[in-house]
Amino acid sequence: MKRFRTYRSTQEIRDKYADVSINVKDFIYPYFVVEGAGVKEEIATMPGICRFSIDTLVEDVKEVYALGIDKVLLFGVIDDSQKDERGSLAYAEDALVCRAVKAIKATQPEVCVITDVCLCEYTSH
């Protein structure tokens, strides 16, 4: 049995051939977007993660981008009274997430914006 000990001889060589390497460009920052203005409230079950209104979201995205994270993932959080059987606010042109994407792109066009497409947050059932 041949053993490749040369790949383990120094830390530099071990790092070079390691299976995993993580870079800041690999991260996607999650955002939960709500209606309103001036909203930034921590989610109790997710320490360090907040719900943002669009105005505070845009400012936070600028800060995250300055750290080198250039991808964000948006989750729309709407009031139960806005939900319906078809989840129509998920695909309406003036929906919360659509407005958030437009606001981010207006100020930080280089940020890659990913949106959640699950209808569960938008349906009443």
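Reader: Which residues are linked with K25 in a network of salt bridges?

Author: Side chains of opposite charge can pair when their charged atoms come close. Here, K25, D70 and K71 are linked in such a network. A salt bridge means a side-chain nitrogen of Lys or Arg within 4 Å of a carboxyl oxygen of Asp or Glu. This is a predicted model: local features need pLDDT of at least 70, side-chain atom pairs count only at pLDDT 80 or more, and totals for chains, interfaces and linings use all residues. Residues are numbered from 1 along each chain as its sequence is written, and side-chain values use heavy atoms, with hydrogens and water left out.

Reader: How many salt bridges does the structure hold?

Author: Eight. One of them joins R99 and E35, at 2.5 Å from N to O. R99 sits in helix α3 (residues 96–107), E35 in the loop between β1 (29–33) and β2 (40–42), 64 residues apart. Helices (H or I, at least four residues) and strands (E, at least two) are DSSP runs, numbered from the N terminus.

Reader: Which residues does K83 form salt bridges with?

Author: D80, with the closest N and O atoms 3.1 Å apart, and E121, at 3.8 Å. K83 lies in the loop between β4 (71–76) and α3, and E121 in the segment after β5 (112–115), so the pair ties together parts that are 38 residues apart in sequence.

Reader: Is K83 buried or exposed?

Author: Buried, at 19% relative accessible area. Buried means under 20%, exposed over 50%, partly exposed in between (1.4 Å probe, protein chains only). D80 is exposed at 57%. E121 is partly exposed at 23%.
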